[in-house]
Amino acid sequence: MTTKIPYRAGLTAFAALALGVLFADAALAQAAPEAAAAAPKLDSGDTAWMLTSTALVLLMTIPGLALFYGGMVRKKNVLATVMQSFAVTCLVTVLWMIVGYSLAFTEGAPQWGDTIGGYVGGLSQVMLNAMTGSSVNGLAKTIPESVYMTYQMTFAIITPALICGAFADRMKFSALLWFMGAWLILVYCPIAHSVWGPDGFLGGAGVLDFAGGTVVHINAGTAGLVCALVLGKRRGFGTESFAPHNLVLSVIGASLLWVGWFGFNAGSAVAANGTAGMAMAVTQIATATAGLGWMFAEWVARGKPSVLGIISGAVAGLVAITPASGFVLPGGALVIGIAAGVGCFWASTSLKSMLGYDDSLDAFGVHAIGGIIGALLTGVFAREMLNPAVPADAATGTAAVAAKMGLLDGNAGQVLTQLYGVACTLIYCAIATFIILKVIDVIIGLRVSDEVERDGLDLNLHGEVVP
Amino acid sequence: MKIVMAIIKPFKLDEVRDALTGIGVHGMTVTEVKGYGRQKGHTEIYRGAEYAVSFLPKLKIEVAVAADQVDKVIDAITTAAKTGQIGDGKIFVLGLDRAVRIRTGEADAAAL
């Protein structure tokens, strides 16, 4: 048995190295002395919480999402499914370090023009060049930059991993790696920057997204739908049994997602304070409510409350409360939960069968629809009392911060602003994802052959089975 | 010699084994199988997708006996495995040409 060394892998490694050297060169060339500012004071409570949150969010992908998805596929594809989550974790970590963090969370590079900074960051942190043991990102002044960078990395990891649910059972592993790498850099980083970056245009327009309802969920869900449509339906869809092979794994996965999500939402406060506490509370309330919402909706509509239903409802609630978590009170969380539970149930069952697309594990039905419900309801339930206006402080040099509020406080325009954010993300993501898929399809092909799909991905793509 | 093959409902295994032991049959082979006859399957629903499952889990029991024992064996199995509901199963009798005990080399009647 000969061992083939794929030349593509070598070519890729060389290309990455060359790019790294190029970028490092560019970064060093544009290093300029920073304007003197008041030295930021690190808070050990904030830092401790953010270290913990980082670990919690990583747990959401490995093994949370891996098990959640793994249990839902047929046994012949379970290893390929968990492999996707694990491999994406590894790949995104490295790409984030090389260029992702810089593109998402630094200011736009001046040599690219004045307006580019609204859409994507610059190269000042390529290879994390400018990160030291004590450096701080202006977006999170009380924690070390190393913690902030790694925390954001875990978000960048789970977003592409979520997309895997849409094309489960039929995508080539090589195509997956190329797709995930390109999607991270071309879609995730610009959108993350636009919403959360220091000069992002969506954040600047007033779009409220506390922990990533738009950046993570609408983004991943939309990309998932595009993938499902481009790759096409699975062979045997509608005629063969695609029943989940082990829902116990999915329950374990969903539970890890729930617990880990406290790091996702409460951690997005980037501080150990009341905002984080309220975010944790509303997360719990919305999730539980959504679980019940889906469960009861299914009980009425289909006759039995199912395990898959209640865990899907809970995840839908987690998704919907994500953009709202730092802005709403428990009462708002209750409504968001019900809306997400029932709405995503309808989207994943009725809408999907009406439109006939094969979104295998409901990446669109749960994450995109849940994200949209959450984003719009954030515009309704955001309360000024939780985010009042903060006047400018000459002593520390911080600018004034406007109050954040929604329809209940008299600001109906916030709902339209939220719609604007949703639309921009949806449109850009859909177009960019489509282009990336088509390019990869032309070069190496996206989908496995019929025989591989019939026999199972585990044996054919990875040489391993679960007996 | 004959092989008596019985397809029975899984929960009836212990009763059938006891009944066969009672008439002097001390060995059997059991396989987990799926099948259907007149018993209908069930429907599973996952996120709105319905799957009709026609094959039901059953057990297949095979015992090798002398030809003159066959009637006693059939009676024992029937009595033990019967519930009166559709899906109780069936018994088939097949001819057996030779039998050998591996440890000792005993053949035919001595091997049963």
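# Helices, loops and a chain contact

The crossing of α2(A) and α3(A) is right-handed. Let us begin with this pair and then walk through the rest of the model, which is a predicted one.

## Two pairs of packed helices

For α2(A) and α3(A), the axes lie 9 Å apart and the packing angle is about 155°. Angles over 145 degrees count as roughly antiparallel, so α2(A) is roughly antiparallel to α3(A). Which residues meet where these helices touch? From α2(A) come Thr61(A), Ile62(A), Leu65(A), Ala66(A), Tyr69(A) and Gly70(A), and they meet Val78(A), Thr81(A), Val82(A), Ser85(A), Phe86(A) and Thr89(A) of α3(A). Sorted by class, the residues of this contact are 7 nonpolar and 5 polar, with no charged ones.

While you are looking at α2(A), find Pro63(A), which has its place in this helix, residues 44-72 of chain A. The peptide bond that joins Ile62(A) to Pro63(A) is cis, with omega about 5°. Ile62(A) is also one of the α2(A) residues that meet α3(A).

Now turn to helix α8 (residues 247-265) and helix α10 (residues 307-324), both of chain A; their axes come within 10 Å and cross at roughly 15°. Are they parallel or antiparallel? Angles under 35 degrees count as roughly parallel, and α8(A) and α10(A) are therefore roughly parallel to each other. Their crossing is left-handed. On the α8(A) side, the contact is made by Leu247(A), Ser250(A), Val251(A), Ala254(A), Leu257(A), Trp258(A), Trp261(A), Phe264(A) and Asn265(A). On the α10(A) side, the partners are Val307(A), Leu308(A), Ile311(A), Ala314(A), Val315(A), Leu318(A), Ile321(A) and Thr322(A). The residues of this contact divide into 14 nonpolar and 3 polar, and none is charged.

Helix α7 covers residues 213-231 of chain A, and helix α9 covers residues 274-302.

How many residues of α7(A) are buried? The count is 17 of its 19 residues, so this helix is mostly covered. What follows each helix? After α7(A) comes Gly232(A), with a positive phi near 90°. After α9(A) comes Gly303(A), with a positive phi near 100°.

Is Asp169(A) buried or exposed? It has 23 C-beta neighbours inside 10 Å, so it counts as buried.

Val270(A) has a positive phi of about 50°, and it is not a glycine either. This residue lies in the loop between α8 and α9 of chain A. With 21 C-beta neighbours inside 10 Å, Val270(A) counts as buried.

The loop between α3 (78-105) and α4 of chain A holds Thr142(A), and Thr115(A) lies in the loop between these helices too. Thr142(A) has 19 other C-beta atoms within 10 Å, so it is partly exposed. Thr115(A) has 10 other C-beta atoms within 10 Å, so it is exposed.

Thr142(A) and Ala271(A) are 129 residues apart along the chain, and 7.7 Å separates their C-alpha atoms. Thr115(A) and Gly200(A) are 85 residues apart along the chain, with 9.9 Å between their C-alpha atoms.

## Where chain A meets chain B

Finally, look at the contact between the chains. It takes 12 residues from chain A and 7 residues from chain B. On the side of chain B that touches chain A, β3 (42-46) and β4 (49-53) each supply at least two residues. Which element gives the largest share of that side? The answer is β3(B), with 3 residues. By class, the chain B side has 4 nonpolar, 1 polar and 2 charged residues.

Conventions:
Residues numbered from 1 in each chain as written. Chains lettered and ligands numbered in written order. Predicted model: local features only at pLDDT ≥ 70, side-chain atom pairs only at ≥ 80, totals over all residues. Axes fitted to C-alpha atoms, helices over the stretch in contact; angles between N-to-C directions. Helix = DSSP H or I, 4+ residues; strand = E, 2+ residues; numbered from the N terminus. Parallel < 35°, antiparallel > 145°, perpendicular 65-115°, else oblique. Left-handed = near helix turned anticlockwise from the far one by under 90°. Contact = placed C-beta atoms within 7 Å. Nonpolar A, V, L, I, M, F, W, Y, C, P; charged D, E, K, R; others polar. Expected span 1.5 Å × (residues − 1). Buried ≥ 20, exposed ≤ 12 C-beta atoms within 10 Å, placed from the backbone.
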